[in-house]
Amino acid sequence: MTASTDRTGPGLTADNVGISFEATDLADPRLDPAQSNLDEQLKSLGSPALRFGGNALDRRTFWTSKGEKPKHGEKVTVTPDDLKRLKKLVDVTGSTVTIGIPLGTYDPKRGADMAAHAVDILGDSLVGLAIGNEPNGYTVKDVPGGAVRDDGWNEDKYVKQLQAYVKAIHAKRPDAPIIGPDVYDGAWMEAFAGSGVKHKKAISQHWYQLYECDSSQVPGRGPQAANLIDPLAKEVAKKNLGIGKDKAEAADLPLWLEETGPTSCPGTNDTSLTNASALWAADYTLYAATLGVERMAMHSMLGACNGGAPMSLICDPAEFGDRSNAFQVRPNMLGLRLLVPSVGGHFTKTSVSGGGNMSAYTVVKNDGRTLVTTVINANDAAKVGGNPVTLAMPSGFSVDSASQVYGKSNDAKSATQVVPANPLPDSVPFSGDGASGDSSLAGASASSSPDASGASAAAGGMGDDGKLRIDLAGSSVTVFIMRKG
């Protein structure tokens with residue numbers, strides 16, 4: 001692998017690492033930093049983008065600032081006090097927020113009241129208001145049992161109602177930022193972009209990596225762990241995120257991926273809890289940023305670890321139906337944590353030769369004095385053990401520290417391990433060409449593993465030629481921070 005300081009375009013911001021929650025989670029008292037460890041878990045991602053929406057927005061969320069009871073059977077009531085609690089959370093985490101305004105029950109006046117309170121309470125933390133969630137899926141045909149419109153619903157009717165909502169919002173708060181349409185379908189993005197809505201802030205897209213729920217094909221798009229880290233995943237992501245990017249560029253707006261995740265299929269705990277999901281989360285987030293996605297939120301909920309949404313980054317370890325105040329994180333969030341050192345950097349040219357299913361990304365920071373390279377080794381540790389890696393870096397740079405997440409295999413469930421950031425020793429295991437000296441190889445729980453043949457490794461480390469030689473465990477994500485001088 002060769003890292004450079006030659007910029008290739010976009011950067012990675014705090015908003016590229018984010019979490020999407022169901023709108024009903026706005027009413028959860030544990031958003032208050034004094035009521036749980038949620039703020040601490042979020043801060044482990046830096047200052048992550050936060051988004052509140054999901055299917056619950058249009059079907060189970062009722063807003064009132066006057067103490068009214070739900071009008072159409074909504075299950076959860078959200079009030080200004082809930083937004084004030086959210087403000088406490090974003091003040092602690094430094095996050096920016098996007099909020100969905102319910103469109104399921106058509107009520108522009110109520111929507112404008114919610115928007116006005118959000119603007120007033122959240123202030124500069126609020127960067128976007130979305131009118132409805134996935135309006136292209138409002139009919140019986142789209143969501144059996146969850147329809148909020150009849151079969152005549154289409155883009156034109158959506159735009160008419162969207163404009164009515166935004167007009168009512170801007171009558172109260174003229175500068176309120178609007179995003180949309182929160183869908184996958186490009187035609188609806190065009191409809192939003194071409195609408196008369198003022199203060200459009202971004203085109204917001206939804207997309208999930210594994211969406212063919214009845215498929216068992218590997219490689220493919222079915223909900224199998226192997227499909228998360230197969231090279232086909234990037235090809236599919238580039239094609240589908242390209243739809244949003246093209247529509248956003250045509251509208252001269254940024255692209256925000258407001259809802260995404262490993263799979264949209266129900267009951268896929270076996271896939272979304274695997275070590276592969278940690279590798280995918282890191283790789284996919286970085287890859288999407290290189291494609292020009294400027295904001296991303298992995299969909300989650302404040303539900304139970306057992307029985308809650310399997311794809312959620314975070315969950316409550318209490319028994320289903322109960323609640324605790326100590327949230328736990330899942331493998332995909334462990335993968336995202338490793339991206340924090342790259343936040344604030346610009347992507348640079350990074351080349352990879354050989355290595356099988358490996359990829360790498362580098363960003364430059366601190367006026368060119370810091371490089372951060374993230375290496376995703378998706379070769380299965382259960383099959384290959386590890387891989388010898390030679391990392392070349394520009395003159396004057398050396399590795400300051402390294403961190404890693406890893407598992408015994410790509411399929412290992414809820415067993416992803418973390419190696420915190422630490423300086424590299426002078427000599428590290430290396431089983432590739434150019435090794436010198438003799439050394440026994442450390443176990444897979446460190447940043448190294450035996451090669452496929454089980455051969456012992458010779459000493460590697462930082463050479464006089466400006467190259468780091470090291471064995472990297474399979475089924476891992478490793479971050480090297482390099483500093484100049």
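This is a predicted model: local features need pLDDT of at least 70, side-chain atom pairs count only at pLDDT 80 or more; totals for chains, interfaces and linings use all residues.

Me: Let's start with helix H4, then. How many of its residues are buried?

Reply: Eleven of the 15 residues of H4 are buried, and the helix is mostly covered. Among the buried ones are Pro108, Arg110, Asp113, Met114, Ile121 and Leu122.

Me: What do those buried residues of H4 pack against?

Reply: They pack against strand S4 (61-63), strand S6 (97-101) and strand S7 (126-131), and also against helix H3 (80-93) and helix H5 (155-172).

Me: What span should H4 have at 1.5 Å a residue, and how far apart are its end C-alpha atoms?

Reply: The 15 residues, 108-122, should span 21 Å, and the end C-alpha atoms are 21 Å apart, so the two values agree. H4 is then followed by glycine 123, which has a positive phi near 60 degrees.

Me: And how do H3 and H4 sit together, at what angle do their axes cross?

Reply: The axes of H3 and H4 cross at roughly 30 degrees and come within 9 Å of each other. Because angles under 35 degrees count as roughly parallel, H3 is described as roughly parallel to H4. The crossing in which H3 passes H4 is right-handed.

Me: Which residues make that contact?

Reply: On the H3 side the contact is made by Pro80, Leu83, Lys84, Leu86 and Lys87, and on the H4 side by Met114, His117, Ala118, Ile121 and Leu122. Of the H4 residues in this contact, Met114, Ala118, Ile121 and Leu122 are also listed as buried.

Me: Switching to H10, how far does it reach, and how many of its residues are buried?

Reply: H10 has 16 residues and reaches 23 Å from its first C-alpha to its last, which is close to the 22 Å expected at 1.5 Å a residue. H10 is mostly covered, with 15 of its 16 residues buried. Just after this helix, glycine 292 takes a positive phi of about 110 degrees.

Me: Take aspartate 283 in that helix: buried or exposed?

Reply: Aspartate 283, which is placed in H10 (residues 275-290), has a relative accessibility of 11% and therefore counts as buried, the cut-off for buried being under 20%. Leaving out residues up to four places away in sequence, aspartate 283 touches Lys234, Ser359, Tyr361 and Ile376.

Me: Now the peptide bonds. Which ones are cis?

Reply: One of them is the bond from glycine 180 to proline 181, where omega is near 5 degrees, and proline 181 is placed in strand S8 (residues 178-183). Another cis peptide bond joins valine 218 and proline 219, with omega about 0 degrees, and proline 219 is found in the loop between S9 and H7. As background, most peptide bonds are trans.

Me: What does valine 218 touch?

Reply: Not counting residues up to four places away in sequence, valine 218 touches Gln224, Ala226 and Asn227. Valine 218 lies in the loop between strand S9 (200-210) and helix H7 (225-229), and with a relative accessible area of 47% this residue is partly exposed.

Me: Which residues other than glycine have a positive phi?

Reply: Glutamate 134 is one of them, with phi near 50 degrees, and asparagine 366 has a positive phi of about 50 degrees although it is not a glycine. Glutamate 134 lies in the loop between S7 and H5, and at 24% relative accessibility this glutamate counts as partly exposed. Asparagine 366 lies in the loop between strand S15 (358-365) and strand S16 (370-377), and at 40% relative accessibility this asparagine also counts as partly exposed. In general, most residues other than glycine have a negative phi.

Me: Last one, serine 312: where is it, and what lies 2.6 Å from a polar atom of its side chain?

Reply: Serine 312 sits in the loop between strand S11 (293-299) and strand S12 (314-315). The backbone oxygen of isoleucine 314 lies 2.6 Å from a polar atom of the serine 312 side chain. Serine 312 is buried, with a relative accessible area of 1%, and, not counting residues up to four places away in sequence, serine 312 touches His299, Ser300, Met301, Arg330 and Asn332.

Methods. Residues are numbered from 1 along each chain as its sequence is written. Side-chain values use heavy atoms; hydrogens and water are left out. Helices (H or I, at least four residues) and strands (E, at least two) are DSSP runs, numbered from the N terminus. The expected span of a helix is 1.5 Å times one less than its number of residues. Buried means under 20% relative accessible area, exposed over 50%, partly exposed in between (1.4 Å probe, protein chains only). Contact means heavy atoms within 4.5 Å. A polar contact is a pair of N or O atoms within 3.5 Å; within protein, one must be able to donate a hydrogen and the other to accept it, and residues adjacent in sequence count only if both atoms are side-chain atoms. Axes are lines fitted to C-alpha atoms, for helices over the stretch in contact, and angles run from 0 to 180 degrees between N-to-C directions. Angles under 35 degrees count as roughly parallel, over 145 as roughly antiparallel, 65 to 115 as roughly perpendicular and the rest as oblique. A crossing is left-handed if the near helix is turned anticlockwise from the far one by less than a right angle, and right-handed if clockwise.
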